[in-house]
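Q: I have a new model open and want to learn to read it. Where do we begin?

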Amino acid sequence: MDRIADVWGARTPHGRGTDWPVRVDQRLADGVGESDVDRWVQSACVLCSNGCGCDIAVKDGRIVGVRGRAEDIVNRGRLGPKGLHGSWQAHGEERLTRPLIRRGGELVETDWDTAMSEIVRRSQQLLAESGPLTHGFYTSGQLFLEEYYTLGVIGKAGLGTPHMDGNTRLCTATAAAALKESFGADGQPACHADIDLCDALFLFGHNMAATQTVMWSRVLDRIEGPDRPRLVVVDPRTTPTAEAADVHLAPLPGTNQALLNGLLRELIKRDRIDHDYVSAHTLGFDELKATVESYTPERVAEICRIAPGDLRRAAEIFGTSQRVLSTVLQGFYQSHQATAAACQVNNLHLLRGQIGRPGSGVLQMNGQPTAQNTREAGANGDLPGFRNWDNPAHVEELAELWNVDPLVIPHWAPPTHAMQIWRYAEQGSIKFLWISATNPVVSLPDLGRIRNILRQEGLFVIVQDAFRTETTELADVVLPAAMWGEKQGTFTNLSRVVHLSDQAVEPPGEARSDLDIFLDYASRMGFRDRDGEPLVKWKDAEGAFDAWRECSRGRPCDYSDLSYEKLRGGSGIPWGGERLYADGVFPTAADHCEDYGHDLLTGATTTPTDYRARRPDGRAFLKAAEHTPPPEVPSDEYPFLGTTGRSVYHFHTRTKTKRAPELQKAAPDPWVEMSASDAETLGLSEGDVVRVESERGGVEVPVRIGRCRDGVVFLPFHYGFQAANELTLTEWDPVSKQPLFKISAVRIRKV
């Protein structure tokens, strides 16, 4: 079967409450048969947040293919096009095999000792001159848990800098924020098996058919089987996901909060709520009810430009279904009022008591395969183990665990989010920026500004990657890193399932694992605990995992019962059990919660005193917010709303997937998509080249016609040339600090 043309593969329909049938997908290099494979090595795919269990095929010391793991609870043997092709084909192509250092304005090859000595010299010099706030770390959702935890310890207990975050801020920060605001701590309540059990599925800003192809295969198998669930999709584009829906709501970008307030009002007005559950397990119902009262279907229709009947129909499905599963992704997270809108999805489930039960719950989705681990282990700036930076007892726990002075651990203010890290670098207070496994010169908003920041003479830039990218070309030192399959570690997918990825082959040339690079830096810097012993006491991935188990013990993300031995063979294992909150008790107790919360409109933090005064004591929060106009709207000069998103064939900035011939051939170049009506008004035909411009920059790309609603245009963000992020603005959500990629005012003219 051609899995480029047939993205989701053959159907295996099944009814509600039955197991999803096994279907093992496999792809081997040309000329290699199953009998030629020397060994199969356990892993899981890292090209979307689904984290499908798989085995890596090895022949003569090389990776030659991949197959799905039939036993895995996530995918039951299936793999998507990116997993089948992009996960392994890039390994031998154009790899970085030796460190590079800038000399005379050019990057030249050097040895590891020279490269690391220069990094350490600069780091120690800046620490001596100006202290730890000169250091910033910008990482990824592509590393392993063990690497994130090691980096977190280095940053928080070795250097003492709060300036740590990563590209997960761009794709999954709102997921974490919404879970903290509603439930007191991060961690997805639902699981993949709820797709098999639900009788209604709501996808909020989530084009699952493109972003999580194997997960969508699971949905298709339910839709085509008996007892099919009803499907509601919220998306301004008529994607394959939306085409399969019973109700498709296509609101204008930037109006999600109004839409959700309207859905909540319908549930309350029609008394489709579980009063006993709301009374026993939540706080804030009266305020929520008062806030949504004015959001009638007619008012919402006017704001969102949708039909009021569609809103009523969607609310009826949610209110009358016994088992509802909701997923949320970038259409909400990267838009206006991101955290507020995502919290309203949580509110829908809390009002109906649809959480923690089979077939019922929320998946505030991740965009990357290991994004969950950045949040758990502290590489995104949060304290490891879902600890609260504003709770002195939590800081003391970490200080005791690491045997350091609590004052070393940054906790005088919230951790520095990514957008602020880049602003500090722009202003010159951050002088040392270490970028690992990501390509911000393509992925961040307002790319002209980002290039200028990295070119500043006073900023020392380290880039750690497996390939040369648009970002490595602006670095002072480039470190060659090992990839998936060339190193060992664990990672946790969108539904808390932990997979072990064993090393299958040696990395090429002198490339090293990210863990070994961080350990080398820690050793050369001489980081010590209070007893003069090395701060980082582990030497390998399993040692780091064991240290992490102790760090997580007793916290909401408790890994202490897991081990490499338990994770080896069979399926991945979710921490916390299959579902969270089955007992209706949430981690909101003041001494246990991860965060004291925020005002959803302004981002103002709730003080510990005010939080304790509410006495949540295990109850969830029904947080309310009015809809407000987005910061950028169409005008006479820029009459369209531009949004960005994914192609089914590429991942992030194509660092890996463009090196897979089948994927690159399927989507070699960027484009802009618009409605047929808008194209006719502008006199455009399919394939015409146009210039798309915002106040910040422009791109020249061909037109595709048909899937967008009127007034909205779409560009894929994967491409470093004619990049969509030349157009996007430097604005972010007040709570999650996630950038607003979905609402750029643009104009279009034919070239």
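**Rings and charges**

A: Begin with Arg704, which lies over the face of Trp671, at 3.6 Å from the ring centre. Keep in mind that this is a predicted model.

Q: Which ring does the charged end of Arg78 sit over?
A: The ring of Trp20. The charged end of Arg78 is 3.8 Å from the centre of that ring.

Q: How is a pair of aromatic rings described?
A: Two values do it: the distance of the centres and the angle of the planes. This structure holds 24 aromatic pairs. Take Phe183 and Phe586. Their ring centres are 5.4 Å apart and their planes meet at 15°, so this pair is stacked.

Q: Which parts of the chain does that pair link?
A: Distant ones: the two residues are 403 residues apart. Phe183 belongs to helix 5 (residues 173–183). Phe586 is in the loop between strand 20 (573–574) and helix 25 (608–614).

Q: Are Phe183 and Phe586 buried or exposed?
A: Phe183 is buried, because its relative accessible area is 0%, under the 20% cut-off. Phe586 has 3% relative accessibility, so it counts as buried too.

Q: Which residues do ring pairs link into a cluster?
A: Phe137, Phe432, Trp434, Phe460, Phe518, Tyr521 and Phe527.

**Sheets**

Q: How do strands of a sheet pair?
A: Through backbone hydrogen bonds, either parallel or antiparallel.

Q: Do strand 7 and strand 8 run parallel or antiparallel?
A: Parallel. Three bridges join strand 7 (residues 135–139) to strand 8. Tyr138 stands opposite Asp165 in strand 8.

Q: How is strand 3 paired?
A: Strand 3 pairs in the antiparallel sense with strand 2 (residues 39–44), over six bridges. With strand 4 (residues 62–68), strand 3 also pairs in the antiparallel sense over six bridges. Val58 in strand 3 is the bridge partner of Arg39. Cys54 stands opposite Gly68 in strand 4.

Q: Why is strand 3 called largely enclosed?
A: Six of the seven residues of strand 3 (residues 53–59) are buried, so the rest of the structure largely encloses it. Strand 3 and strand 4 form a hairpin with two residues between the strands, where Asp60 takes a positive phi near 55°.

**Cores and a buried loop residue**

Q: Which residues touch the most other members of the largest nonpolar core?
A: Ile119, Phe204, Trp434, Leu479 and Tyr521, out of 138 residues. Leaving out residues up to four places away in sequence, Ile119 touches Phe432, Trp434, Phe460, Ile462, Val477, Leu479 and Tyr521. Another core lies apart, with 26 residues, among them Trp422 and Leu444.

Q: Where does Val735 lie?
A: In the loop between strand 26 (712–716) and strand 27 (744–750). Val735 is buried, with a relative accessible area of 9%. Beyond its neighbours within four places in sequence, Val735 has contacts including Ala177, Glu181, Thr339 and His598.

Technical notes. Residues are numbered from 1 along each chain as its sequence is written. This is a predicted model: local features need pLDDT of at least 70, side-chain atom pairs count only at pLDDT 80 or more; totals for chains, interfaces and linings use all residues. Side-chain values use heavy atoms; hydrogens and water are left out. Helices (H or I, at least four residues) and strands (E, at least two) are DSSP runs, numbered from the N terminus. Buried means under 20% relative accessible area, exposed over 50%, partly exposed in between (1.4 Å probe, protein chains only). Contact means heavy atoms within 4.5 Å. Rings of Phe, Tyr and Trp (its six-membered ring) pair if their centres lie within 6.5 Å; planes under 30 degrees apart count as stacked, over 60 as edge-to-face and the rest as tilted. A charge sits over a ring if NZ of Lys or CZ of Arg is within 6 Å of the ring centre and within 35 degrees of the ring normal. Two strands pair if DSSP finds at least two bridges between them. A nonpolar core is a set of buried Ala, Val, Leu, Ile, Met, Phe, Trp, Tyr and Cys residues joined through side-chain atoms within 4.5 Å.
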